[in-house]
Amino acid sequence: MKMPSASSSMLCWGLGLVLAFTAAPLLEAQQRSIVGDWEGTLDPGAKPKQRIVVHIAAAQDGTLSGTLDYPDQDTSGTQITAITYKQHVLHFECTSNVSVYDGTMSDDKSTLNGTLKQGGESLSLVLKRTP
């Protein structure tokens, strides 16, 4: 069996480093595109409409965290317990109010179109980036 030459090994290492250094900034850029404040309105039909504000932050290692505010109920800072953003899809869960959101980012990165499941109901929720 022929052993790989030193130049082949160096080429493999070099390609690995290039991939590592180009993939990390792309992932960080994608994570940054979701970071910020997002606002929308839930319309539960017979009940009053309810504004919701989602605050999303990223740590230095890229992990996401967030909180929810419900201004019409004078509730703020409800902790999001699980959050991911991959391939333009945001998913978050909040155990304290038993809610789950799944939304897809628009091409211009200004809107998330999705569904909030809460208390057995599924409601359409469009979140818009706030300045």
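1. Leu-90 touches Ile-34, Ile-56, Ile-83, Thr-84, Tyr-85, Tyr-101, Asp-102, Gly-103 and Leu-112, leaving out residues up to four places away in sequence; contact here means heavy atoms within 4.5 Å.

2. The model is predicted: local features need pLDDT of at least 70, side-chain atom pairs count only at pLDDT 80 or more, and totals for chains, interfaces and linings use all residues. Residues are numbered from 1 along each chain as its sequence is written, and side-chain values use heavy atoms, with hydrogens and water left out.

3. The largest nonpolar core has 22 residues, of which Ile-34, Val-54 and Leu-90 touch the most other members. Such a core is a set of buried Ala, Val, Leu, Ile, Met, Phe, Trp, Tyr and Cys residues joined through side-chain atoms within 4.5 Å; buried means under 20% relative accessible area, exposed over 50% and partly exposed in between, with a 1.4 Å probe and protein chains only. Among the elements that give two or more residues to this core are β1 (36–42), β2 (50–58), β6 (89–94) and β9 (121–129). Strands are DSSP runs (E, at least two residues), numbered from the N terminus.

4. The structure holds one aromatic pair. Phe-92 and Tyr-101 form this pair, which is stacked, at 5.2 Å centre to centre and 25 degrees between the planes. Rings of Phe, Tyr and Trp (its six-membered ring) pair if their centres lie within 6.5 Å, and planes under 30 degrees apart count as stacked, over 60 as edge-to-face and the rest as tilted. Phe-92 counts as buried because its relative accessibility is 0%, and Tyr-101 is likewise buried at 0%.

5. Thr-78 lies in strand β4 (residues 75–79). Thr-78 is buried, with a relative accessible area of 13%. Beyond four places in sequence, Thr-78 touches Gly-66, Thr-67, Leu-68, Cys-94, Ser-96 and Asn-97.

6. Glu-121 belongs to strand β9 and is partly exposed, at 34% relative accessibility. Leaving aside neighbours within four places in sequence, Glu-121 is in contact with Lys-47 and Leu-116. The C-alpha atoms of Glu-121 and Ser-99, 22 residues apart along the chain, are separated by 9.5 Å.

Notes: Helices (H or I, at least four residues) and strands (E, at least two) are DSSP runs, numbered from the N terminus.
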